[in-house]
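Reader: I am new to this structure. Please take one part and walk me through it closely.

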Amino acid sequence: MKRQARGGGPVVSGAFSAKTVQTTTTAGDTADGTTDQHGVPQLRLRLGRCDLRAVPQVRRALRDLLAHWGRPGRSEIAELLTSELVTNALVHTTHDALLTATVGPRGLRVEVRDFVGRRPRLRVPNADDGTHGRGLILVQSLADAWGVRIHGVGKVVWFELDGGVA
């Protein structure tokens, strides 16, 4: 299957919290989670700079969002890929990051925005690097689509998983 990058999607902006992970809300909040203005389940988190303790917290929050998605194998892939994007944003920048995950009729879209304009690059992993250098290779291999959108300040790295069976 050929992977193709597509643009669009939500963009999060605003002031930053000093907390490591803070869920933000939208106008359509419900008791069982956050939804966007169209009633689509959505997770929006602000991640403190350089704080890798946020990664497991993001995974738990995403797991909660996807609990009713009905795609257990895809949910596990979503957690892995989200962890990779969040880790990259926190390790390779010295700024906060913003995560948006949206479950729609076509599947899941996860975006991680950081505030450094440098584009990520795929690297061929080196055996001497241990576990480093494999994140974007995983995203490229497992996502149905992924890409990078440059902003005036920073970028968004995103991926999509369709709602099909893994």
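Author: This is a predicted model. Start with a pair of helices. Helix α2 passes helix α3 in a left-handed crossing. Two packed helices are described by the angle between their axes and the distance between the axes. Here α2 covers residues 72-91 and α3 covers residues 135-142. The angle is about 145 degrees, and the axes lie 9 Å apart.

Which residues meet? From α2 come Ile-77, Leu-80, Leu-81, Glu-84, Leu-85 and Asn-88. From α3 come Gly-135, Leu-136, Leu-138, Val-139 and Leu-142.

Now turn to a strand. Strand β2 spans residues 42-47. Five of its six residues are buried, so β2 is largely enclosed by the rest of the structure. What does β2 pair with? Its partner is strand β3, residues 97-104. The two run in the antiparallel sense, and six bridges join them. Within that pairing, Leu-43 stands opposite Ala-101 of β3.

Is Gln-42 buried or exposed? Its relative accessible area is 6%. Buried means under 20%, so Gln-42 counts as buried. The side chain of Gln-42 also has a partner: a polar contact of 3.0 Å joins it to the side chain of Thr-102.

Conventions. Residues are numbered from 1 along each chain as its sequence is written. This is a predicted model: local features need pLDDT of at least 70, side-chain atom pairs count only at pLDDT 80 or more; totals for chains, interfaces and linings use all residues. Side-chain values use heavy atoms; hydrogens and water are left out. Axes are lines fitted to C-alpha atoms, for helices over the stretch in contact, and angles run from 0 to 180 degrees between N-to-C directions. Helices (H or I, at least four residues) and strands (E, at least two) are DSSP runs, numbered from the N terminus. A crossing is left-handed if the near helix is turned anticlockwise from the far one by less than a right angle, and right-handed if clockwise. Contact means heavy atoms within 4.5 Å. Buried means under 20% relative accessible area, exposed over 50%, partly exposed in between (1.4 Å probe, protein chains only). Two strands pair if DSSP finds at least two bridges between them. A polar contact is a pair of N or O atoms within 3.5 Å; within protein, one must be able to donate a hydrogen and the other to accept it, and residues adjacent in sequence count only if both atoms are side-chain atoms.
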